[in-house]
Amino acid sequence: QGVTLYCDDKGIAKSLPPNVRAIRLASVLGYPGQNFRGDVFLSRTFDDDDAWRRVDFTLADCSSSAAWVVQQAALRATAASAPRSLSDLTAQLGGGGPQVMGGAPPMITQSALQTG
C-alpha cells in the first residue's frame, strides 16, 4: 500500500495560502521544507503488480501517530543516514576519498606486439 499527497503544483504562482497541515505532515514524515499551497488531498492505494485500487483513508490515518506515518518517518530517518554517493560511502567506511591505484596503465608499443 502507498499514500500519495496531491496538491496544486501552481499554488505559489496562484498566491494560494500555505497549507500548514500538509506542511507539518510532510515534516513529520521526514520531508522537512516542503511548501504546499492551497488544498491538498491524501489517497491510499493498493498495488501488488496484479491489481491496483484505491483503499479507504480515514481521518485517523491523518494523525501523526498513525501506523503508516510512524513507519514512513522511521524509513526516512534510516535513509537519512545512508550514503548518497560513492564518496559518502568511502568516507563513512573511513577511507580518505577516491584514490588512484597503481598509476597510469602501461603504454603498448610496437615492439611489444612483435612475437619473437
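I began with Cys62. It is partly exposed, at 39% relative accessibility. My cut-offs: buried means under 20% relative accessible area, exposed means over 50%, and partly exposed lies in between (1.4 Å probe, protein chains only).

I noted the ground rules. This is a predicted model, where local features need pLDDT of at least 70 and side-chain atom pairs count only at pLDDT 80 or more, while totals for chains, interfaces and linings use all residues. Residues are numbered from 1 along each chain as its sequence is written, and side-chain values use heavy atoms, leaving out hydrogens and water.

Next I checked Cys7. It is partly exposed too, with a relative accessible area of 38%.

How many disulfides does a search of the whole structure find? I got zero. The test asks for a pair of cysteine sulfur atoms within 2.5 Å.

I moved on to Val70. I found Val70 in helix α2, residues 67–80. Helices are DSSP runs of H or I with at least four residues, strands are runs of E with at least two, and both are numbered from the N terminus. Val70 is partly exposed, at 47% relative accessibility. Leaving out residues up to four places away in sequence, Val70 touches Ser64 and Ser65. Contact means heavy atoms within 4.5 Å. I also compared Val70 with Val28: they sit 42 residues apart in sequence, and their C-alpha atoms are 8.6 Å apart.

Last, I viewed the whole protein chain. I counted four helices and three strands. Their order from the N terminus is β-α-β-β-α-α-α. Of the 116 residues, 14% count as buried.
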